[in-house]
Amino acid sequence: MNREMKQALLEAVIHALEAELVRQAQANAQSNAATTFSASNADKQRDTTGFEAAYLARGYAQHALTLRNHIDQLKTMEVEDFTGQEIDVGALVEVEMDGDVDCYLLLNGGGGTEVSADGKTVTVITPESPLGQVLMGNIEAGFVELPSGAEGIILSVF
């Protein structure tokens, strides 16, 4: 792995999160429109459609704000080399578990996002995730065990 590939992966994550932000904004706009329409056109006294749409709109807006913050943090993030160091936020880690080799990019946001660069697919994980928790502070050739009982070894850290 090299710095350019890691930078390309980070940029792919930013692009994926920006696309998600656009989807969230569209969903929020639809929920806001439903809020206005449903509240003024309630069929019965107990029609809560407007309230439910408002609740959804608020959730979309909060998620969009969180996404915006993660994107802003990622845009200012320095690409570091963690070779020979403890795993921390920003590390690219290759793990073998149950015979499968997977590559993870440890970031503060965007967990679950999958991106590809130079033919390598990487999954973003956060320090709060079960795998992120066992990787944080670990080292290359370190042993990992998830709460589910899955076991593995860290093949490389960059």
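The protein chain exposes about 9,200 Å², and carbon and sulfur atoms supply 50% of that area (Shrake-Rupley method, 1.4 Å probe; for residues, only the protein chains shown count as cover). The structure is a predicted model, in which local features need pLDDT of at least 70 and side-chain atom pairs count only at pLDDT 80 or more, while totals for chains, interfaces and linings use all residues. Residues are numbered from 1 along each chain as its sequence is written, and side-chain values use heavy atoms, with hydrogens and water left out.

The protein chain holds 3 helices and 6 strands, defined as DSSP runs numbered from the N terminus (helices: H or I, at least four residues; strands: E, at least two). Read from the N terminus, the order of elements is α-α-β-β-β-β-α-β-β. Of the 158 residues, 39% count as buried; here buried means under 20% relative accessible area, exposed means over 50%, and partly exposed lies in between (1.4 Å probe, protein chains only). Among contacts with a separation of 6 or more, 55% link residues 24 or more positions apart, a contact being heavy atoms within 4.5 Å.

We turn next to the interior. In soluble globular proteins, nonpolar side chains tend to be buried together. The largest nonpolar core of this model has 21 residues, where a nonpolar core is a set of buried Ala, Val, Leu, Ile, Met, Phe, Trp, Tyr and Cys residues joined through side-chain atoms within 4.5 Å. Leu-9, Val-13, Leu-74, Leu-92, Leu-107 and Val-122 have the most contacts inside this core. At least two core residues come from each of helix H1 (3-40), helix H2 (49-75), strand E2 (100-106), strand E3 (114-117) and strand E4 (120-125), and H1 gives the largest share, 7 residues. Leaving aside residues up to four places away in sequence, Val-122 touches Leu-9, Leu-92, Cys-103, Tyr-104, Leu-105, Thr-113, Glu-114 and Val-115. A second, separate core of 16 residues includes Phe-82, Val-144, Leu-146 and Ile-154.

Asn-138 sits in the loop between helix H3 (130-135) and strand E5 (143-145), and counts as buried because its relative accessibility is 15%. Ala-141 belongs to the loop between H3 and E5, but counts as exposed at 55% relative accessibility. Ala-141 has a positive phi of about 75° although it is not a glycine. Asp-98, likewise not a glycine, has a positive phi of about 50°. Asp-98 lies in the loop between strand E1 (92-97) and E2 and is exposed, with 63% relative accessibility.

Two further sites complete the picture. Ala-25, in helix H1, is partly exposed at 43% relative accessibility. The C-alpha atoms of Ala-25 and Ala-61 are 7.4 Å apart, although the two residues are 36 apart in sequence. On the surface, Val-101, Ile-153 and Leu-155 form a nonpolar patch with about 220 Å² of accessible area together. Patches are made of residues with over 30% relative accessible area and no salt bridge, with like charges joined within 9 Å and nonpolar side chains (Val, Leu, Ile, Met, Phe, Trp, Tyr) within 5 Å; a salt bridge is a side-chain nitrogen of Lys or Arg within 4 Å of a carboxyl oxygen of Asp or Glu. Ile-153 is found in strand E6 (residues 151-157) and is partly exposed, with a relative accessible area of 36%.
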